[in-house]
Amino acid sequence: METRVEDYRKLVKRSLWVFHLNSGSCNGCDIEILNVFAPRNDVERLGIKLVGSPRHADAIALTGPVTRECLPKVVDAIKAVPEPKIVLAIGACACGGGIWYDTYSVVGGVKELYRIMKEEYGMEAPPTVFIPGCPPKPEAIIYGVAVAKGMIEPKQRRMVYVEEGGGDELARMLEEVNGLRHFSAGFKVRRDVNGT
Amino acid sequence: MMPELSTLVNVVFVVLFAPLLDGIERKVKARLQTRQGPPVLQSWYDLIKLLKRPSVEPSGSFGWLFRLAPAVALSSVLLASTFVPSLLARSMGFWGDLIAFVYLLALASLFLALGGFASCNPYAQIGSHREISLLMAEEFSLAFIVAGLAVSAGGLAFSAMFPLPLKASSVVGVLAFAVMVYVSGARVPFDVAEAEPEIVEGPLIEFSGRSLGLMKLTAYVRRLLLFTVLLNFVIPFGGVLRSSVYVAALLVLSAVYAAFEAYFGRFRTADAVRFLKRFAAAGFVCWLLAVLGW
Amino acid sequence: MGRSTLEGRFRVIDVSPDEVAEVVRELFEDGCYYATGMGVDERPLNGRFAVYHAINCPKRGVYVILRLTAPENRPSVPSITPVLRGAEWAEREAHDMVGVTFENHPNLERLILPEDWPDGVYPLRKDFPYNRKMAGTEGTAGVRGERHDEATMSVPLGPYHPLLHEPEYFELYVREDRIVGADYRGFHVHRGMEKLAESRMTLNQIPFLAERICGICGCTHSAAYCQAVEEAAGVEVPERALYIRSLMLEVERIHSHLLWFGVACHLLGFDSGFMHFWRAREYVMDIAELITGNRKTYGINLVGGVRRDLSGEKIQKTLKLLELAEGESREVIDNVVGMKELIARMEGVGVLRRKDAREIGVVGPVARASGIDTDVRRDHPYAAYGDLDFKVPVYRGCDVLSRFLVRVDETFESFSLVRQILENLPDGEIINEEYSLPYMEFGLGSTEAPRGEDVHMVLTGGENQVYRWHPRAPTYNNLPAVPLMLEGEDVADAPIIIASIDPCFSCTDHVSIVDAGSGRVLWRGPLLEGVERLRR
Amino acid sequence: MGRIKLMGLAVSIGKVTERYPFAPVEVPDDYRGKPVIDPGICTGCGACASACPPQAIQVKEEGEFRVVHLFLGRCIFCGRCQDVCPEGAIRLTTEFELATPNHDDLHQFVRLRMVRCVRCGRPFDTYRHLVRSLREVPFIEGERLLLCPECRAKAPLDWLEGGGDGNEG
């Protein structure tokens, strides 16, 4: 797997042709994809070109949550791109299904798509670079492409924070609270107070 | 130098330089669109990548024709390049090399179209249709121009025509030929066969990997050869000076053509064909002048 | 129920099934056109299904909402399509999604849901869970359209085609490079949005959902939704908020039109034009990023106002960027108009006659290019447009060029509007959050999106939710005109003609549609062909 | 003529291409970029989760812990979480370089310890949220906050019936 990615990166180091595959996106990401070809960002300078035929492509820029209607066509288009290939999942919809990730007419992002591809079509999931954003700004897309080409080490990392401390802390906390209120600690309920 | 060796040098030069020239054109266009553009070697990078990738054969295609087309197309332009003096002034000419040259280039176009038909993709078929109708329309003008120039130079061999004698007919002929070079280079507004927004690169849609690379290389070489013939018509001297003037002129010519291309909208097929039919008049004038001996 | 709101921008009238056709005919003869319609499952409230038809009367500045109901056991109401053609899709949509039958409808085919969707399952009924995934059924395919003869070739445009950038499907029937017929089939971008809004979402989450109906003109959708709720709940929106809303709507219009010019140039083979326009557009994107924190999805509208204020510094920066954008766009447009071969490819192409335009009920620049003087900003003033000064360009060429010119004029009107807004920005609060949401109150919000009239209807629900939300994007009204425009044209002109309505399929497909424009029975098969041909 | 002028315009403007990714790019200070939860402040109250339109933030309970899970892949960067967070624990940064080949990198988890109900022993709220609530309500109310909602609902009855000590746990 690793070597495959390495080979791929070597192959597309200076020339990466991308097929744009919209699987039911709102257009936001699609226009930003076009935007990276406009003068301000001009990714042609990095050897990147948008191609109209999946046959010519080295990578797929996938946008949208993959609607139920699009699913077979998306699978076909992915199939039509010759190996080795990579998928750039662009935007919140492609990365995680977006705002409609769980509705009746949406598959819900590439993870789900790959699951269905494997189960129903017996296809392996291609390596994927996730580019979150809604839509990602053009620079974020370029960053994603740079990550895919191995030009940049991604800096986004999984973060897990686990709160330390345990049961003893309750007493300390309550002391603190009670201290603030000039009451003694304890849980006695005073029944004689009105308004409880 | 021996003609064989010099021809070999020329062929190698043509193959190496043609993608570079395309890279330069891309750069020029980019600059005229206020953007940085790709590195000048970009077309080479693209080609190398394509040649490394496998080619996929679509299911419904005529396999053998589909497989054969890129190879035939490339070999015909390469064969054509042996007749034309490019970097070095000597090459393997023979008495009818002009005719052979013209038809070898046409053969390359034809196989591009046939490859498109063979892929059985509807866009490719429309593209191939357009390619053929354009080819027909081009032939008409080209026939007059070539005939005019041949009469003017007094022979059908390149050796007689390079350079052309300074006559009214040759001036008109060269100018008309310059336009034909633009047209058959498949440039906007005459790129109807490959129109990306309409029919997705037309005949090339189903080609991938190696065969796409060969097709692209064919197109680059074709353009370079057309430029070369045009320049040979006018460069009057030989030797080292010729080589450097040739390369410099090639760069200038290609930049000018690229600038034109960047600032034109695409024709409809019918408009393009109509234009070419009218343009045949220029070829006719050239021929007439030549016949009259001017 | 049975109330009638006599003031404001709309009026709800309960009509009986017997009189609806007559009422609709009278309205149409009065110059009104069909805006949109929705089916509502009101069974939990009163055991009935309801259909709301919204009819726009621009002359009177009011939307007339006709409400029809039918009992649960016999969900059937008379169709108004025979009287008003524009209602065809809306009625089919209600039939498909809610399961209301329309008597005498000429073509009550499935419209939105995939062909393999099981019969008798209606996603917009209240008993359908929004996140239920339905397995497909076999054997519901219909008959394929019959335009094929020896000399006619069928050219698929889509579902994946560089022209579209969205998965949609046009099938052109071509004889020697001439288009003899065209079909459109949509529904690829149906994302189940309406159901989602009434199930999982709360009142102030929906603006963000509405914004994602379309990534180009999202702000106009969220504004229309907020207006609809504000109308329903009677929320007073602070003056400053209204101005900021207008500001973003105009910024959006500029960016959308510049985008369109660029795409039009690209489709005409003039890529440098694309580059020039998109360079100028980049300043507009910067303005949006500066004011809202994102280039595209502004996320600025909430019910009751807007989320972000505008500091003096930002206003100064905006004005500076605006000047750059306007200067460059002006220069580029003036020169592009001077390029003869581009103009020649737009002139006289894709003609939509005024009469057809009226009947179909096209909106926005498409209508204005066919000589119909309509603009929601002027006819039904909303946000700050009542205070602002602008012209509505109208052209009579009926062709692609006129649509181009309408957009040119509009772009520069918008530049002036942005300036007016920034100069006259009133002080004060930007949001009013002190409101209470009534139960089952109807609201309608409409805006002039870059592509035309955008209408949202809302029925408020309890507990910070909506009971029903129905957006209708402008492309929904414009698309039926495309097959008419295509007929008899050169294949090479198909892209620019389709693009000339500035189609936004994701907008339309929030519910999505299919149609042949000619009432042909459709089949799902050909949809796959384009890609199948690419398959190994 | 138009085309010559346009060409001239292009030449006079020159090249507008930025050097990104080889040079950084400026974004406005209030750009809506990556949301970050400050795990030291978050109390796990769940306000963000209920405001989040795509449910990119979800709050779940896993045994002793309440888990605030932010899934960046689904985030639409609207900033509603920042609007509604009572603690200011979540805010949007200007960071937009989020691309990664690894789906796991798109998740942020904040696991907060929960308090057990003093009566039935069921974990029902985070320490932090409880402490905060205790500070804000009168002390008597505060003691009731140590009960889980169910026990709390029952509590007044117990007292009226003379059930005695509320502190059984």
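How far apart do the C-alpha centres of domain 1 of chain C and domain 2 of chain C lie? They lie 27 Å apart. This is a predicted model, in which local features need pLDDT of at least 70 and side-chain atom pairs count only at pLDDT 80 or more, while totals for chains, interfaces and linings use all residues. Residues are numbered from 1 along each chain as its sequence is written, chains are lettered from A in the order in which they are written, and side-chain values use heavy atoms, with hydrogens and water left out.

**View 1. The two domains of chain C.** Domain 1 covers 1-129 and domain 2 covers 193-469, with bounds from an automatic or database domain assignment. Domain 1 of chain C puts 38 residues into the contact and domain 2 of chain C puts in 29 (heavy atoms within 4.5 Å).

**View 2. Buried area between the domains.** About 2800 Å² is buried between domain 1 and domain 2 of chain C, 58% of it on carbon and sulfur atoms (accessible area, 1.4 Å probe, that two parts lose on being put together, summed over both). On the side of domain 1, C:R9, C:Y33 and C:L124 lose the most area to domain 2, together 24% of what that side buries.

**View 3. The salt bridge.** One salt bridge is counted between domain 1 and domain 2 of chain C (a side-chain nitrogen of Lys or Arg within 4 Å of a carboxyl oxygen of Asp or Glu). C:K126 forms a salt bridge with C:E198, and their closest N and O atoms are 3.2 Å apart.
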